[in-house]
Amino acid sequence: MLSVLAEECVLFAAKPEWKDPLLEPPLIRGVKRITPMAVELSVLLITRTGAQWAAERALLTQIVARMEREALPLAQAEAMTS
């Protein structure tokens, strides 16, 4: 999964529309947290002022689309029964 994330970060940084807003390529910081329902990964985006939220949304959208194409699981809430 980290390799897919790394590939998507490289592809994202190479897009012409993000050349100017991104001050540095996305930096994968690694695993942030592991819970019973998910593994949370951390990516650092350094952008020009005001571009951070659009960049975050665009990168997350691209990553989710790739994960869906690769049939990689996304976090899902499990019903708790007793």
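Colleague: Which residue forms a salt bridge with Glu-8, and how far apart are the closest N and O atoms?

Modeller: In this predicted model, the partner of Glu-8 is Arg-66, and the closest N and O atoms of the pair are 2.6 Å apart.

Colleague: What else does Arg-66 form a salt bridge with?

Modeller: Arg-66 also forms a salt bridge with Glu-7, where the closest N and O atoms are 2.7 Å apart. Since Glu-7 is in helix α1 and Arg-66 in helix α3, this pair ties together parts 59 residues apart in sequence. Glu-70 forms a salt bridge with Arg-66 as well, with the closest N and O atoms 3.1 Å apart. Glu-7 is partly exposed at a relative accessible area of 40%, and Glu-70 is partly exposed at 43%.

Colleague: Which residues end up in the network, and how many salt bridges are there in the protein?

Modeller: The network of salt bridges links Glu-7, Glu-8, Arg-66 and Glu-70, and the count for the protein comes to 6 salt bridges.

Colleague: Setting aside sequence neighbours, what is Arg-66 in contact with?

Modeller: If neighbours within four places in sequence are left aside, Arg-66 is in contact with Val-4, Glu-7 and Glu-8.

Colleague: And Gln-62, what does that touch?

Modeller: Gln-62, which is found in helix α3, touches Glu-8, Leu-11, Phe-12 and Lys-15, not counting residues up to four places away in sequence. Gln-62 is buried, with a relative accessible area of 11%.

Colleague: Changing topic, what order do the elements run in?

Modeller: From the N terminus on, the order is α-α-β-β-α, which is made up of 3 helices and 2 strands. The C-alpha trace spans about 55 × 25 × 20 Å along its principal axes, and buried residues make up 24% of the 82 residues. Among contacts with a separation of 6 or more, 49% are between residues 24 or more positions apart.

Colleague: How much space lies in the largest pocket, and which residues are closest to its centre?

Modeller: The largest pocket holds about 750 Å³ of space. It is lined by 23 residues, of which Glu-40, Leu-41, Ser-42, Leu-60 and Ile-63 are the closest to its centre. The elements that give two or more residues to the lining are α1, β2 and α3, and α3 supplies the largest share, with 8 residues.

Colleague: What about the surface, which residues make the nonpolar patch?

Modeller: Val-31, Ile-34 and Val-39 make a nonpolar surface patch of about 300 Å². Ile-34 is found in strand β1, which covers residues 27-34, and Ile-34 counts as exposed at 66% relative accessibility.

Colleague: Where is Thr-35, and how far from Lys-15 in space?

Modeller: Thr-35 has its place in the loop between β1 and β2, and is partly exposed, with a relative accessible area of 34%. Thr-35 and Lys-15 are 33 Å apart in space, C-alpha to C-alpha, and 20 residues apart in sequence.

Technical notes:
Residues numbered from 1 in each chain as written. Predicted model: local features only at pLDDT ≥ 70, side-chain atom pairs only at ≥ 80, totals over all residues. Heavy atoms only, no water. Patch = residues over 30% accessible without salt bridge, like charges linked within 9 Å, V, L, I, M, F, W, Y side chains within 5 Å. Areas by Shrake-Rupley, 256 points an atom, 1.4 Å probe, with all protein chains shown as cover. Salt bridge = Lys/Arg side-chain N within 4 Å of Asp/Glu carboxyl O. Helix = DSSP H or I, 4+ residues; strand = E, 2+ residues; numbered from the N terminus. Buried < 20%, exposed > 50% of the residue type's maximum accessible area, 1.4 Å probe, protein only. Contact = heavy atoms within 4.5 Å. 1 Å grid on protein atoms, 1.4 Å probe; cavity = no way out; pocket = protein on both sides within 12 Å on 5 of 7 lines; lining within 4 Å. Points joined across faces, edges and corners; volume = space filled by probe spheres on them.
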